[in-house]
Amino acid sequence: MTRQDPITSGTPAGTAVISARNVSKSYGNVHALKGVNFDVHRGEVTTLFGENGAGKSTLMKILSGVIQPTSGEIVLDGEAVRFDTSTDARDRGISIIHQELSLAPNMNVRDNIFMGREIMGPAGVDFAEEARQTRALMAELEEEIDPLTPVEELRLGQQQLVEIARALSVDSRILIMDEPTSALSASEVEVLFKVIHDLKARGVSIVYISHHLEEALQITDHAVVLRDGNMTAKAPRAEIDLEWIVRNMVGDNFDLGSPPTGHEMGDAALSIRDLVVPDQSRPGRNVVDGVSLDVRAGEVVCIYGLMGAGRTEMLECAAGRLHNTGGEIRLLGEDVSGLSIAQRIESGLVLVPEDRQRDGLVQTMSVGQNMSLASIRDFVRGIFTSRKAEREIVERGIREVTVKTSGGGAAIGSLSGGNQQKVVIGKMMATGPTVVMLDEPSRGIDIGAKAEVFRLLAETARDKGLAVLFSTSEVNECLSIAHRVIVMRRGKISAEFGSDVSKEEIMAASGESADA
């Protein structure tokens with residue numbers, strides 16, 4: 001795609017093009033930002049690190065005009081400015097890729113990219129030109145997606161690329177990327193990084209937010225750390241490493257735990273035998289091809305694999321969301337292959353999905369309503385509901401999974417990503433399961449919340465004797481709480497390891513290099 005270079009106002013490379021000066025943001029008695037000073041440099045990547053709730057997204061929303069600061073000012077090209085709307089900011093060359101997708105699933109890729117910015121011709125909207133530019137954008141991201149494909153038919157990683165393409169289509173001079181790689185495969189991340197290097201060469205300034213710390217270190221020029229609304233540290237890339245980031249984020253360098261001990265494992269709670277799941281987009285091909293595995297009561301098993309390995313499809317089939325054409329799924333020895341999703345949940349087999357926003361939460365419901373949703377049969381009495389019984393479920397769930405919230409009546413959108421993930425986990429735990437499956441349970445949450453989620457899973461296996469099966473595409477997570485690591489590659493199991501496995505062995509079995 002041939003792009004026009006964004007307007008840079010003659011600003012020399014490395015000069016601050018936009019700055020936050022003593023910016024604070026309060027919501028009643030809650031202080032999300034406390035006098036933050038933050039600079040974005042021309043043609044460079046400034047990476048913003050911090051736990052969920054540290055104030056990162058709040059600061060980015062202020063810079064992009066989504067919200068206004070309570071106090072302080074924004075300086076653009078040396079002059080104080082005010083953005084009343086995100087359109088004001090976009091007109092000044094500032095775009096943002098939000099952490100949670102903001103696409104319209106019932107619209108096609110082309111219309112999502114140009115929504116609100118339609119290309120007009122003599123006869124109205126020039127759909128042909130929009131389609132041409134959409135193809136060029138997707139080619140730049142090395143993804144072959146037809147412009148007329150409905151977004152709801154795309155997998156999560158492809159939807160993320162459409163979100164990125166929409167931001168790139170504006171030719172912004174300042175591009176804010178909030179967790180742009182949370183749903184991308186390793187190869188897709190590599191392509192995105194090439195695009196970022198190209199943008200830098202053309203003078204585009206980039207703010208990059210990511211919970212993938214090692215990944216972010218590959219592209220950052222400057223690092224800034226926020227903690228509890230305060231800027232705790234900043235430094236150029238040459239002066240930072242992984243330990244520096246973690247120390248300034250959470251105050252200490254810690255790991256994600258170890259396999260739970262002090263209990264005896266029981267018999268196989270979940271048994272999958274010769275499972276075959278067809279590829280719905282490519283007839284004649286199987287995304288899961290003859291997979292067999294057992295998970296015992298009290299055991300934590302990790303499924304590792306790259307995007308497209310078949311991890312998600314296997315878990316969704318076990319949960320009843322996808323249909324299998326071969327094999328069987330047994331829960332405590334009983335075949336549940338013919339049961340519906342609701343019947344499997346009632347039997348004790350639950351899944352925490354990868355996309356919590358789309359599949360795990362109802363955004364219009366409160367924290368408590370989301371927490372109790374899967375347990376509705378426990379507090380419905382005929383045509384009435386028992387508020388007391390529901391309240392007990394909610395309060396117990398919030399307490400057991402340690403959700404940081406003002407209460408069950410709080411809006412689900414008021415919680416950080418990590419606490420929203422705990423609500424989804426708590427919702428499934430409230431059903432009294434025997435087997436808990438989790439698809440990428442740490443997606444889009446910070447290192448502190450990630451440690452809390454893995455601690456919760458380990459305690460669940462040890463103290464309640466539940467069988468835990470989780471999938472991940474982050475190799476370091478395999479080395480945490482799992483008793484066993486199963487590697488999938490192209491729909492099949494390529495290797496199985498104990499808890500003493502090395503990172504290199506896992507990556508070799510998955511078909512990727514440890515240096516990737």
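Contact, in what I am about to show, means heavy atoms within 4.5 Å. The model is a predicted one, in which local features need pLDDT of at least 70 and side-chain atom pairs count only at pLDDT 80 or more, while totals for chains, interfaces and linings use all residues. Residues are numbered from 1 along each chain as its sequence is written, and side-chain values use heavy atoms, with hydrogens and water left out.

Let me start with Thr220, which sits in the loop between helix H7 and strand E11 (222–227); helices (H or I, at least four residues) and strands (E, at least two) are DSSP runs, numbered from the N terminus. Leaving aside neighbours within four places in sequence, Thr220 is in contact with Val45, Thr47, Arg237 and Ile240. Is this residue, Thr220, buried or exposed? Its relative accessibility is 5%, and therefore Thr220 counts as buried, where buried means under 20% relative accessible area, exposed over 50%, and partly exposed in between, with a 1.4 Å probe and protein chains only. The side chain of Thr220 reaches the backbone oxygen of His222 at 2.7 Å. The C-alpha atoms of Thr220 and Pro236 are separated by 8.5 Å, with the two residues 16 apart along the chain.

From there I move to the nonpolar cores, each being a set of buried Ala, Val, Leu, Ile, Met, Phe, Trp, Tyr and Cys residues joined through side-chain atoms within 4.5 Å. In soluble globular proteins, nonpolar side chains tend to be buried together. The largest core here has 45 residues, and the members that touch the most others are Leu175, Ile196, Ile206 and Tyr208. Ile206, not counting residues up to four places away in sequence, touches Glu44, Val45, Thr46, Leu175, Met177, Ile196, Leu199 and Lys200.

Next, the domains, whose bounds come from an automatic or database domain assignment. That assignment gives domain 1 as 15–250 and domain 2 as 267–348 + 433–510, and the centres of the two, taken over C-alpha atoms, are 32 Å apart. To the contact between them, domain 1 brings 17 residues and domain 2 brings 10. About 1100 Å² is buried between domain 1 and domain 2, with carbon and sulfur atoms giving 54% of that area; buried area is the accessible area (1.4 Å probe) that two parts lose on being put together, summed over both.

How many salt bridges are there between domain 1 and domain 2? The count is zero, a salt bridge being a side-chain nitrogen of Lys or Arg within 4 Å of a carboxyl oxygen of Asp or Glu. On the side of domain 1 that touches domain 2, helix H7 (213–217) and helix H8 (242–250) each supply at least two residues, and H8 gives the most, with three.

Across the whole structure there are 21 salt bridges. One of them joins Glu129 to Arg132, with the closest N and O atoms 2.8 Å apart, and both residues lie in helix H4 (residues 127–140), three residues apart, about one turn of the helix. Glu129, at 21% relative accessibility, counts as partly exposed, and Arg132 is likewise partly exposed at 47%. Another pairs Arg321 with Glu316, whose closest N and O atoms are 3.5 Å apart; here Arg321 is partly exposed at 36%, whereas Glu316 is buried at 17%.

I will finish with backbone geometry. Most residues other than glycine have a negative phi. Asp77, although not a glycine, has a positive phi of about 50°; Asp77 lies in the loop between strand E4 (71–76) and strand E5 (79–81), and is partly exposed with a relative accessible area of 32%. Asp228, in the loop between E11 and strand E12 (230–236), has a positive phi near 55°, and at 52% relative accessibility Asp228 counts as exposed.

Key: Polar contact = N/O pair within 3.5 Å; in protein donor to acceptor, adjacent residues only side chain to side chain.
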